[in-house]
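Here is a quick briefing to read alongside the model. Have the viewer open and follow the topics in turn.

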Protein chains: 2
Amino acid sequence: MKPPFLPVSILSSGKALPGRKVTSSELDTRLSKSAGWVQKRSGIAYRFHANDEHQSAVAAQALHDALARGGIERDSIDLLISASGVQEQQLPSTAALVLGCAGLRPGTPGFDVNASCISFPVALHMAASLLNTSAYRRIAIVASDLASRGIDWSNAESSLIFGDGAAAVIVERGDGSSGIEGYRLRTYPEGKAYCEIRAGTSRTPRRGAQPADFLFQMDGKRVFRLASSVMESLLSDLLDDARLRLSEIDAVIPHQASHLGMRHLAERLRMPAAQIVDIYATHGNQVAASIPTALHEAFITGRAQPGRRLLLIGTAAGVTVGGMVLKL
Amino acid sequence: MKPPFLPVSILSSGKALPGRKVTSSELDTRLSKSAGWVQKRSGIAYRFHANDEHQSAVAAQALHDALARGGIERDSIDLLISASGVQEQQLPSTAALVLGCAGLRPGTPGFDVNASCISFPVALHMAASLLNTSAYRRIAIVASDLASRGIDWSNAESSLIFGDGAAAVIVERGDGSSGIEGYRLRTYPEGKAYCEIRAGTSRTPRRGAQPADFLFQMDGKRVFRLASSVMESLLSDLLDDARLRLSEIDAVIPHQASHLGMRHLAERLRMPAAQIVDIYATHGNQVAASIPTALHEAFITGRAQPGRRLLLIGTAAGVTVGGMVLKL
């Protein structure tokens with residue numbers, strides 16, 4: 001069953017990087033490694049780690065950047081969708097907290113959408129769907145994650161790769177010339193424990209949760225193996241939905257999962273490097289904020305332009321894989 | 001701007017109640033109160049509190065109940081939306097964990113939608129939107145919350161009212177005769193701290209979180225005052241969207257927030273008591289599971305039937321208020 005073309009138009013994008021730049025050479029010292037070890041192993045020169053900022057404040061900063069770049073009035077936003085991999089608090093929604101920082105019109109509705117690292121494409125598809133079927137005319141999507149708060153510094157695999165950040169887009173239905181040509185999301189819960197932060201209703205301090213339950217744990221090899229085994233058919237179905245060949249894609253906006261993941265994608269796609277938006281070396285893996293931050297990078301570097309086709313694609317905890325063909 | 005009529009058809013509903021029945025007289029003893037104190041104060045005879053169950057297992061049980069009641073094959077579900085007020089874990093999504101318990105076709109996509117206690121109507125509106133604009137043909141929505149895990153037993157106001165549970169519906173687009181006639185959601189973040197569980201990215205054990213940060217905290221009077229001040233216009237706009245008078249609503253499915261909240265709603269609506277689905281005395285406030293559990297009750301008691309009009313309405317942490325006019 002082929003999905004119909006779903007009109008949506010991105011009016012503007014923006015991003016925010018909190019706290020301070022943490023260089024890989026600083027981490028060499030912190031982790032007692034020889035000079036150059038962290039950069040060589042992670043492929044990252046630097047990433048940003050928040051100081052005392054709240055996640056919602058970083059999200060609101062990205063939203064304000066998108067509004068300012070587009071010359072868009074705060075009061076014109078009909079709905080805010082927060083698309084983070086980890087919420088700021090257990091309750092209420094991150095969207096409510098972002099609205100509390102953002103200064104939009106009181107009453108502007110907000111809710112969260114969560115599909116871990118692939119939350120942004122899910123939220124964009126949903127926003128497009130709502131713009132075509134409801135009274136909402138202009139929707140803001142904000143993805144924010146402060147992954148540094150959950151880093152297990154005793155784990156050499158995952159402690160190097162995470163960076164904090166937020167990114168936002170403002171969307172409308174548009175005139176029907178731009179929109180979603182293909183969209184696929186698939187969850188393989190056999191991998192639900194491959195990437196996790198276990199703290200929650202089953203592991204609370206009262207129920208004997210251990211400190212590690214509040215930190216990110218990953219079995220990178222298993223994620224990679226499972227994701228690799230299902231990405232080929234996802235990509236092929238996506239292109240089939242859009243009736244396109246890979247050569248007709250102008251730029252790829254991947255989730256910036258890891259050095260190895262980015263290299264593997266580049267090898268698989270066999271596209272000129274400039275067409276794959278790679279911000280990993282200067283941002284790290286920003287969880288749900290990675291894809292919209294890379295999308296923003298594509299806009300400001302001119303790789304995303306009206307009429308061009310983008311492929312958004314990535315893997316996420318769950319394990320969930322997803323992608324979207326987006327005609328601008 | 002009036003929203004268009006949005007076709008959606010509820011094929012089936014189901015629910016699950018975990019653990020054991022906790023009577024108010026049992027709580028009288030636990031809280032060292034005189035006989036009858038908890039029931040009088042809370043308006044609740046009993047509620048259910050989970051033992052060691054995982055939230056996702058309770059959710060999967062509700063989903064299986066809905067599938068069994070509708071005679072629906074597990075493999076026919078195209079998408080699972082989890083609509084809980086509190087996630088099972090910080091990462092991954094609750095949807096991935098529910099999929100891990102539910103035994104649906106591998107690859108069935110899932111994501112979370114979160115608007116605290118009003119998550120279910122938001123998810124139903126979204127599902128309807130997706131059914132009208134995407135390749136999804138049959139969507140399962142599951143709301144689950146184990147509020148007992150976050151009860152602050154030192155707080156007499158909130159410790160009495162919560163019950164655990166889950167409820168599910170299976171929806172399709174249908175033939176266009178049934179659907180959403182009105183839908184409104186509004187967030188007032190001035191109330192973002194009126195109901196909260198503060199633990200999260202800004203309050204982790206490593207950052208000095210206190211035990212109370214992992215428990216539900218509520219300023220009930222302020223929630224009630226803010227919600228009361230905005231509900232009247234929400235209700236009037238909802239009915240206006242649907243071009244209906246209140247007398248044309250066949251049954252009301254309210255969030256079962258509190259004894260006082262339910263009484264206030266009944267007084268405001270001036271409807272026969274039987275038309276307001278009130279399961280509070282035997283379930284308590286089940287957070288996001290309340291509305292779909294009450295909806296399921298409406299179906300099994302015959303108050304929800306083809307051709308009838310339901311009003312789903314409630315307040316949530318955020319503070320968010322929302323409602324939907326649903327023609328069956």
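Is Met324(B) buried or exposed? Met324(B) is buried, as 28 other C-beta atoms lie within 10 Å. (Buried stands for 20 or more other C-beta atoms within 10 Å of a residue's own, exposed for 12 or fewer, and partly exposed for anything in between, with C-beta atoms placed from the backbone.)

A word on the ground rules: this is a predicted model, where local features need pLDDT of at least 70, side-chain atom pairs count only at pLDDT 80 or more, and totals for chains, interfaces and linings use all residues. Residues are numbered from 1 along each chain as its sequence is written, while chains are lettered from A and ligands numbered from 1 in the order in which they are written.

**Around Met324(B)**
- Met324(B) sits in strand S15 of chain B; strands here are DSSP runs of E with at least two residues, helices are runs of H or I with at least four, and both are numbered from the N terminus.
- Setting aside neighbours within four places in sequence, Met324(B) is in contact with Pro121(B), Leu124(B), His125(B), Ile180(B), Gly182(B), Tyr183(B) and Leu312(B). (Contact is when the C-beta atoms of two residues, placed from the backbone, lie within 7 Å.)
- One of those, Tyr183(B), has Met324(B) as its bridge partner in S15(B).
- Ala59(B) is another story: it is 265 residues from Met324(B) in sequence and 23 Å away in space, C-alpha to C-alpha.

**The five-stranded sheet of chain B**
- S15(B) belongs to an open sheet with the order S1-S10-S15-S14-S13 and mixed pairing. (Two strands pair if DSSP finds at least two bridges between them.)
- The edges are strand S1 (6-7) and strand S13 (251-254) of chain B; each has a single partner strand, so one side of each lacks a neighbour in the sheet.
- S14(B) (residues 309-316) and S15(B) (residues 320-327) run antiparallel over eight bridges, with Arg309(B) opposite Lys327(B).
- Helix H6 (residues 220-242) of chain B packs on this sheet and touches S10, S14 and S15 of chain B; its direction makes about 150° with that of S10(B). (Axes are lines fitted to C-alpha atoms, for helices over the stretch in contact, and angles run from 0 to 180 degrees between N-to-C directions.)
- S10(B) pairs with S15(B) in the antiparallel sense over eight bridges, and two bridges join S10(B) to S1(B), also antiparallel.
- Nine of the nine residues of S10(B) are buried, so the strand is largely enclosed by the rest of the structure.

**A covered helix**
- Helix H9 (residues 290-300) of chain B is mostly covered, with nine of its 11 residues buried.
- Among the buried ones are Ile291(B), Leu295(B) and His296(B).
- Just after H9(B), Gly302(B) takes a positive phi of about 80°.

**Where the chains meet**
- Chain A and chain B each put 62 residues into the contact.
- On chain A's side, the elements giving two or more residues are strand S6 (89-91), helix H4 (94-102), strand S7 (110-114), helix H5 (119-133), strand S10 (179-187) and strand S11 (195-200).
- That side divides into 30 nonpolar, 24 polar and eight charged residues. (Ala, Val, Leu, Ile, Met, Phe, Trp, Tyr, Cys and Pro count as nonpolar, Asp, Glu, Lys and Arg as charged, and the others, Gly among them, as polar.)
- S7(A) and S7(B) pair antiparallel over three bridges, and Asn114(A) stands opposite Asp112(B).
- Three strands form an open, antiparallel sheet in the order S6(A)-S11(B)-S12(B).
- In chain A, 100% of the interface residues are also interface residues in chain B, so the copies meet through the same surface.

**Chain A overall**
- The secondary structure of chain A comes to nine helices and 15 strands.
- Its C-alpha atoms fill a box of roughly 55 × 45 × 35 Å along the principal axes.
- Of the 328 residues of chain A, 60% count as buried.
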